[in-house]
Amino acid sequence: AQSVTQLDSQVPVFEEAPVELRCNYSSSVSVYLFWYVQYPNQGLQLLLKYLSGSTLVKGINGFEAEFNKSQTSFHLRKPSVHISDTAEYFCAVSGMDSSYKLIFGSGTRLLVRP
Amino acid sequence: NAGVTQTPKFRVLKTGQSMTLLCAQDMNHEYMYWYRQDPGMGLRLIHYSVGEGTTAKGEVPDGYNVSRLKKQNFLLGLESAAPSQTSVYFCASSPLRTSGGPSTDTQYFGPGTRLTVL
């Protein structure tokens, strides 16, 4: 079984500042990792995913994430945020043994202030 | 392409009432999913389907039933609603792949249904 921990429920940041949203996971098998974003009153959409290969993954809207197997982490970063990045961000994991199931973290609300 | 659509967008029920939520996708995706989203808990999988005519239980299936009579539609039913089922419900779909398995696939989400049970 897998689990995902997003320690920060809310991250306030000023516009044009860098941001890191933290995600840690646990699993007894190898995993695939995802970041989804949910804008207000919308469904989720994929930001990026790690399946294999380079541990640095680039996604849409200037976001990137780095897979660290030894620390079981998949932190999301952006060097300079915009007001429009205000949203809730979900880290998710699926096991390579499975299954069709995505296990989601509890989410981190990114609040970008002018 | 409308993608994934959900009907209705909002609903208020009284305890004990029943209702059906409809999810439709026009991407010819094989897999479909129902999630519920509660504050501080992320999304939890209720039921899923790996093809027309097949369904399976997810993480929190109690109190819900599903059907997938047509490939493009996935219905979620509440037979006797309870206040604990107050939530936002999301449907998602993902395509069939010949390699890598469905666990690598992007899931495409609908806009959600906000359900309140009084």
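Tyr35(B) is buried, at 0% relative accessible area, where buried means under 20%, exposed over 50% and partly exposed in between, using a 1.4 Å probe and protein chains only. The model here is a predicted one, so local features need pLDDT of at least 70 and side-chain atom pairs count only at pLDDT 80 or more, while totals for chains, interfaces and linings use all residues. Residues are numbered from 1 along each chain as written, chains are lettered from A in the order in which they are written, and side-chain values use heavy atoms, leaving out hydrogens and water.

Over all chains, the structure holds twelve aromatic pairs. Rings of Phe, Tyr and Trp (its six-membered ring) pair if their centres lie within 6.5 Å; planes under 30 degrees apart are stacked, over 60 edge-to-face and the rest tilted. One of the pairs is Phe90(A) with Phe104(A), edge-to-face at 6.4 Å centre to centre and 85 degrees between the planes. These two sit 14 residues apart, in strand E10 (residues 87-95) and strand E11 (residues 103-104) of chain A; strands are DSSP runs of at least two residues, numbered from the N terminus. Phe90(A) is buried at 1%, and Phe104(A) is buried too, at 7%.

Phe104(A) also pairs with Tyr35(B): ring centres are 5.5 Å apart and planes at 90 degrees, so this pair is edge-to-face. That contact crosses between chains, ending in strand E4 (residues 31-38) of chain B. Phe90(A), Phe104(A) and Tyr35(B) belong to one aromatic cluster along with Phe34(A), Tyr36(A), Tyr33(B) and Phe109(B).

Conventions
Helix = DSSP H or I, 4+ residues; strand = E, 2+ residues; numbered from the N terminus.
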